[in-house]
Amino acid sequence: MLKWGRGLAGFFACIIIVAVVLVQINIHKFNNAFEVNNVAKNTEELSKLETNEDKVKYIENYFEKLGTSPGGEEGTYLQNFNTMIPVYNSTPSLYIKNNDSVVRSFVYGEDFRESLLGFGGNGDVSGKIYLLEDNMSSLSKDILKNNIILSSRALTDEDIDYAVNNGCKAIMMIDPDVSKKESVDTRLKQAKSTIIYRVSQRLFSELSSNYINNLDAHLKVDVSFKMESSPNILSKIHGKSKSAGYSIISAHISDDNSGIALLMEYARVLKMQDNTPEKTIVFAVWNSFDEGMKGSNYYVENPIYPLKETEVFVLDDVASLNSRVMNISTYGKAGQFIMNKLSDYAMHRGIRPNVTNDILYNDSKTFLLKDTPAVLINGDRSGGQVSSYEFFQQGDFADAGQVLLNYIQRDIYKDWSQGMIQSKEKSYIITFVIVFLIMYLFKSVYKTKPSIKLLGISAENIYYSSIFNVIDKIVNGAALVGVIIFITAFIVYIPSSFDLVKYNGSYISNHSIYFSFESTIEYIRNFFDKGLGKTDSGFSVAFIISFSIIKSIGLILSSVILAFIVGTSIGIISSFKNKKRGNISFIGPIAMLSLPDVLIAISVQLLFIILRQNNILHSGSSELTKFLLPFISLAIIPTAYISRIAQIAVKEEITKDYIMAARAKGLSTFNILKDHLLISVAIKVVETLPSVLNIIVSNVIIVEYVFSYPGIVYQLFSYFKDYDIRTCVGLIIGIGVVYFILTAIFKGLSIIINPFKRRAMIGGKQNEKA
């Protein structure tokens, strides 16, 4: 009854495991309904909103209609704080005049833009343009007081400080990107101020010519500062457990709206999922970025969710003119590991990740300074600055969006199965599992109650039938081969740079294990559909494996034969010669067994070098030595092992009655050895060959590598060095084939030479059944 219960318990345990796997594969599907048109639409809608208040309201209403939970303070979507912001009473202006006539006026935001950083501020000035060709400190007070300084380079804080403190009217300096509005950190404002303009390259050239013509420039900035409420907007999707931590997906309110639009689409896609993420996902829009990243700074000083349990993703300028490049930036080990994962997902989608540790001025920096892993994701700007919706390429949104969304799916929702296994393959797996469970259940029934009848036939007759045994061997063999291939391929497909770092009580890997699983499944799929395929250099993997298997088996069998002949002979002879010395004769083989494989290989190599140097072995025999060197090196330790076994066998046999009887008849030692002892010792030595095989297989790794012998292990080293993963997996399977073939050969030899095993083979089934 107890056996019956154990059998059923094992069966139901298998059922539960299979059910869990099938649920994971078929039910917990991630619905990747990402729509790039929604991102484009939200970008356009946000660009129409003129005030910060309007944008806050728009985003808050979006989250509310979507149904994501409030993630701010006191059950709201907001985290309130106040910011000092600039208020423009009129648009900054710049024009050139000749006496009282305007000769040329320039476009704000295209030709020039004001700078309110540091000393930058209000003013309404006119004056001559003075081209700065040297250091600012070289200018006199009179020049600074009576002229507008035009610089061909960006000025340092020290340059501007010198100019303002010496009464400079205004400063214009070249800037290749005047379309981007500068951040204004009011904490860095100075008591004194002057007009500071950033001008484009084209405008600089024109102003330089006006300088020669001695015309006047007129500059005007009318701005004031006021305190205004500028809340952060936060929404969330609850995770399975608070202890799992938090993932913040964030963007900031500024001229570029693509980051916020992408974040809003993430919220829509993730809200429609049926399953729950492991971590709580927080969607955060930081306010007052242009005023010195006030929003993110305020959050890290007043966190709603523990920073030590948080990872942060910052989306900034995700729409770019170069859609096949994505910039990913962070620093710190945990952040770098997350960045490496994102790089994997980017490359998987055919996007080149530009990975750096250069954060510069961005919200991610505020979190990194608090030791919270934060990764900045933005598009590549090598094609130019994106400043309006018309220039956004929708493909860029899809590229950037899908990369992070794939990370969320695999690493936060833990959905690894979707898209990995095809429907046809699921059917095959389910069918195989059902057959396996039926076989397992039947064996459990047979072991507990063999007399029970199924369909009128006893369980015992079914169990010993040829059909059942064939099916059982096929199922077990297929399961074993499948598991071996899967484990082998999976291990090989783990990147050599794979590493783990502990953060928030859990481990973060620097590469996604999902890709190792995917590559493994793909390899197995191709293995059954197309065979072993070709190497990266175009050669047939099957041919390389077959060739190297023949070479390795030839080397191993040759070494075993040599070790068998020499080892058995030495063991027998030494036993007879040294029987009066007791255990001293065993010291030699034991000492040989203790030598390292590498030492033996190097010693043989040095011996052959000495023989060549002394013209005992000529260089013309190099083809022979390519085989002899590994052949001899590989045979040394097995010879010592077999010698030891032969010695023990002789000591056991010479005390038995048939040897004593042979001696009593007056047979010579040679005849006793030839007619009686040799076959008994040989049988015992052959019985130990599977153990010898383990020694040889471990030694062949060293021998083939040291002597560059073109066997299967050497080929594996060569292709692994070239990172030809597909070929490496095939070669590792080939090593298993070598081991299987040699084991079969040695077991067959044992049956042939041992009469007791032959008789057991003939009557084994009947005896077992009886």
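The model is a predicted one. It holds 28 aromatic pairs.

One of these pairs joins Trp286 and Tyr299. Their ring centres are 5.2 Å apart. The two planes meet at 50°, so the pair is tilted; an angle under 30 degrees would count as stacked, and one over 60 as edge-to-face. Trp286 has a relative accessibility of 0%, so Trp286 counts as buried. Tyr299 is buried too, with a relative accessible area of 0%.

A second example is the pair of Phe627 and Phe631. Here the ring centres lie 5.4 Å apart. The planes are at 15°, so this pair is stacked. Both residues belong to helix 19 (residues 622-653). Because they are 4 residues apart in that helix, about one helical turn separates them. Their accessibilities fall in two classes. Phe627, at 29% relative accessibility, counts as partly exposed. Phe631 has 14% and counts as buried, because the limit for buried is under 20%.

Ring pairs also build a cluster. Its members are Phe313, Tyr345, Tyr407, Tyr514 and Phe515.

A charged residue also meets a ring. Arg113 lies over the face of Tyr108. The distance from the ring centre is 5.1 Å.

Definitions and conventions. Residues numbered from 1 in each chain as written. Predicted model: local features only at pLDDT ≥ 70, side-chain atom pairs only at ≥ 80, totals over all residues. Heavy atoms only, no water. Phe/Tyr/Trp six-rings, centres within 6.5 Å; stacked < 30°, edge-to-face > 60°. Buried < 20%, exposed > 50% of the residue type's maximum accessible area, 1.4 Å probe, protein only. Helix = DSSP H or I, 4+ residues; strand = E, 2+ residues; numbered from the N terminus. Lys NZ or Arg CZ within 6 Å of the ring centre and 35° of its normal.
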